[in-house]
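Dear colleague,

I am handing over the structure below, and my notes on it follow. Please read them with the structure open beside you.

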Amino acid sequence: MTEPLKIQIYYEDTDAAGVVYYANYLKYLERARTELLSDIGVSIKDYHDTGYFFAVTHVDISYMQPARLGDIISVTTETVEMRNASLKIKHRILRDGTPLAEALVTVACINKNWKPVRLPEEFKRLKQAQR
């Protein structure tokens, strides 16, 4: 297990009230998934170059408290289910241990024709990995 991804909240992340715009949380989740894959030696770019693509097909997110300008948040990432051509990942976004948001994200592995394909073998390492 590696440390949760730390993200500082900048002005560009916030609305006029200094609160993180809700859709930006999705970018933080994407960044955390990419970093977890990097932790286990998977390069998304290398897979793109060989015809594998990864599409988010479902997101269930609950917002509990806002992140604000200047905050440093932590994003945890854990694989909770792995199927032949998809996986479900649970994320938690925290500030000083206080939950701000939780999400369950389904990601499908597809080819250039948008057809499901089997997840690459090295993705099995995600079962033990978390951030």
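With which side chain does the side chain of glutamate 81 make a polar contact? The partner is the side chain of arginine 83, at 2.5 Å, where a polar contact is a pair of N or O atoms within 3.5 Å, one able to donate a hydrogen and the other to accept it, and residues adjacent in sequence count only if both atoms are side-chain atoms.

This is a predicted model, in which local features need pLDDT of at least 70 and side-chain atom pairs count only at pLDDT 80 or more, while totals for chains, interfaces and linings use all residues. Residues are numbered from 1 along each chain as its sequence is written, and side-chain values use heavy atoms, with hydrogens and water left out.

Glutamate 81 is found in strand E3, residues 72-82 (strands are DSSP runs of E with at least two residues, numbered from the N terminus). Glutamate 81 is partly exposed, with a relative accessible area of 27% (partly exposed lies between buried, under 20%, and exposed, over 50%, with a 1.4 Å probe and protein chains only). Leaving aside neighbours within four places in sequence, glutamate 81 is in contact with Ser86, Leu87 and Lys88, contact meaning heavy atoms within 4.5 Å. Between glutamate 81 and alanine 55 there are 16 Å in space, C-alpha to C-alpha, and the two are 26 residues apart in sequence.

With kind regards

Note on methods. Helices (H or I, at least four residues) and strands (E, at least two) are DSSP runs, numbered from the N terminus.
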